[in-house]
Amino acid sequence: MIIICQKCDSRLQLDEAKVPARSFVVRCPNCNSSIDAESSVASPEQSAVNIGGSPASEGHRFEQPNPAPLFEPAHKAQASGSDISADRLAELLAGLINQPTASRKTASARPSWDTRKVLLCVPEDYRESLARSLVENDYQVFVANDTRQAVDRMRENLLDMVLLDSRFDPAEQGQVFVTREVSVLRPAQRRRLFFVLLSPSLRSMDSHAAFLNNVNAIVNVNEMADLPKMLEHLMRAYNELYKEFNQVLGMPAL
């Protein structure tokens, strides 16, 4: 058993066979000070891990990711086994087969079967209605209930668009953390993510305000009924901007 003097840092080697099964005092041979020591036999029974109540003894050290779940309207959930009709499936397959082989590598248009994946980070009061509206316009929608779900989903790097309301999860600073996740993306990743700020005060389609807020576009929350149309317009302009760039890289439009 090794004891370290707190005054001179001397290390004392004790024979554990002669150490009592309780706290004891020894004198340092170097500085002659008293050292309060505790038996190594008794200490495991009194350790924090054995007593419990410490973070180390409760649950796992690393928590599993909890990404925002996919939104499914009630009528789709009831028909989960056959939510894609035969006609729709045939249409998607025909579009894929008829696409020229050469253009598959340098296509500037997004394939019809590849629906855009959007993450909603908005308050609860209009979360479901907005998600339903986007699903009806052929978006694949993930709905974040809190900041952690939003961040975990974004870190999967599978999204095409993020819609963030400035009032999202204020208790956990939702806007700050979601914006930070976008800001730390590499340029190649950032170009493949369309970031929209939903604001109760800023004007829709205000490019100057969008630049100042480090987002691709701004939509006022009072115009949610027109959001799908505005997103389509914004995406056409964005894809036109990067058209030649995407063709050189052989990447489809966003």
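Select helix H7 (residues 147–154) together with helix H8 (residues 174–183): their axes come within 9 Å and cross at roughly 5°. Helices here are DSSP runs of H or I with at least four residues, strands are runs of E with at least two, and both are numbered from the N terminus. Axes are lines fitted to C-alpha atoms, for helices over the stretch in contact, and angles run from 0 to 180 degrees between N-to-C directions. H7 and H8 are therefore roughly parallel to each other, a term for angles under 35 degrees.

The model is predicted, so local features need pLDDT of at least 70 and side-chain atom pairs count only at pLDDT 80 or more, while totals for chains, interfaces and linings use all residues. Residues are numbered from 1 along each chain as its sequence is written, and side-chain values use heavy atoms, with hydrogens and water left out.

**The contact of H7 with H8**

Next, display the side chains between the two helices. Thr147, Ala150, Val151 and Met154 in H7 meet Gly174, Phe177, Val178, Glu181 and Val182 in H8; contact means heavy atoms within 4.5 Å. These residues divide into 6 nonpolar, 2 polar and 1 charged. In this grouping Ala, Val, Leu, Ile, Met, Phe, Trp, Tyr, Cys and Pro are nonpolar, Asp, Glu, Lys and Arg are charged, and the others, Gly among them, are polar.

**Thr147**

Now select Thr147 alone. Is Thr147 buried or exposed? Thr147 is buried, with a relative accessible area of 8%; buried means under 20%, exposed over 50%, and partly exposed in between, with a 1.4 Å probe and protein chains only. The side chain of Thr147 makes a polar contact with the side chain of Asp169 at 2.8 Å. Such a contact is a pair of N or O atoms within 3.5 Å, one able to donate a hydrogen and the other to accept it.

**The sheet**

Then select the open sheet of 5 strands, whose order is S6-S5-S7-S8-S9 with parallel pairing; two strands pair if DSSP finds at least two bridges between them. Strand S6 (139–143) and strand S9 (217–220) stand at the edges, each with a single partner strand, so one side of each lacks a neighbour in the sheet. From one strand to the next, the twist averages 25°. Helix H6 (residues 127–136) packs on the sheet, touching strand S5 (116–121), S6, S7 and S8.

Finally, show the whole chain: 12 helices and 9 strands, with buried residues making up 37% of the 254 residues.

Note on methods
Angles under 35 degrees count as roughly parallel, over 145 as roughly antiparallel, 65 to 115 as roughly perpendicular and the rest as oblique.
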